[in-house]
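Please examine the sequence and the model shown below.

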Amino acid sequence: MPASPLDRPVPEAALAGEIAVVTGAGQGIGRGIALALAGAGAQVALVGRTAATLTTVAEEITARGRRAAPFVCDVTDRDAIDPLVSAITGEFGGLSLLVNNAQTPAPGTLLEIDEETYRAGMESGPTATWRMMRACHRHLIDGGSIVNLGSAAGIRWDPSGTGAYAAAKEAVRVLTRTAACEWAGDGIRVNAILPLANSRAMEQWARHEPEASAEYLRTVPLGRLGDPETDIGPAVVFLCSAAARYITGHTLAVDGGQALVR
């Protein structure tokens, strides 16, 4: 297996001196993005609802010679957002990068899903993203960058029922494009990614339904699911780095080519 980006020395780290905030950072894609950002030289504020998982990720990053700190917060709590940002800037002395990854699932067809689940998906996705962007705006002026996570569910129909989740994720993309235009004059770039990553849930599905899993992988031209740290994370690093300084309002599919398959 290839060495982790954090296990390799980075002579000229792309994000040296940056302070990043990652929501939903305790596991899965959020964890992978946090590790990749740290590997590129950023200090990372890890935000999530579960102290134990956040602490574990912080310890991973610290053990690899980078700085990270956990911040327990439910991003659906509107009264918690401003205190969260104040705590982060107090700990790190500021912030320059924001990654909005947190999102609760909203499974079910439009007739099956109940209103509480639908609202929870919207609150954890676009509403929390909007709140975090607003709260961080003044700290990001003159060079900050935001990356929001959308989903291919918004551009690929799934008969199993992902319409509510897709609606939440497409709303995140609208907020991304709007903020990119409204805040360009403030020197803030705002982009989105559509990730396709491996996870425990995907691994369990592959074990229990190998034929269905294999069929799904056939929709991915590169033939595999992305690794959260080494496939998804570097795309976020790129969009946050000076190499992407002329890119804003863009949605980047990080999915092995799946978005090209109709």
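What unit do strand 1, helix 1 and strand 2 make?

**Basis of the model**

This is a predicted model, in which local features need pLDDT of at least 70, side-chain atom pairs count only at pLDDT 80 or more, and totals for chains, interfaces and linings use all residues. Residues are numbered from 1 along each chain as its sequence is written, and side-chain values use heavy atoms, with hydrogens and water left out.

Strand 1, helix 1 (residues 28-39) and strand 2 form a right-handed β-α-β unit. Helices (H or I, at least four residues) and strands (E, at least two) are DSSP runs, numbered from the N terminus. Right-handed means that, with the strands pointing away from the viewer, the path from the first strand over the helix to the second runs clockwise.

Strand 1 runs parallel to strand 2 (residues 43-48), joined by five bridges; two strands pair if DSSP finds at least two bridges between them. Here Val21 lies opposite Ala45 of strand 2. Strand 4 (residues 97-100) is also parallel to strand 1, with three bridges, and Leu97 is the bridge partner of Ala20.

**Burial of strand 1**

Five of the five residues of strand 1 (residues 19-23) are buried, so the strand is largely enclosed by the rest of the structure. Buried denotes under 20% relative accessible area, exposed over 50%, and partly exposed in between (1.4 Å probe, protein chains only). Ile19, Val21 and Thr23 point one way, Ala20 and Val22 the other.

**Cysteines**

The whole structure contains zero disulfides, a disulfide being a pair of cysteine sulfur atoms within 2.5 Å. Cys73 is buried at 8% relative accessible area, and its sulfur is 11 Å from the closest cysteine sulfur, in Cys136, too far for a bond. For Cys181, the nearest cysteine sulfur, that of Cys240, is 19 Å away; Cys181 is exposed, at 66% relative accessibility.
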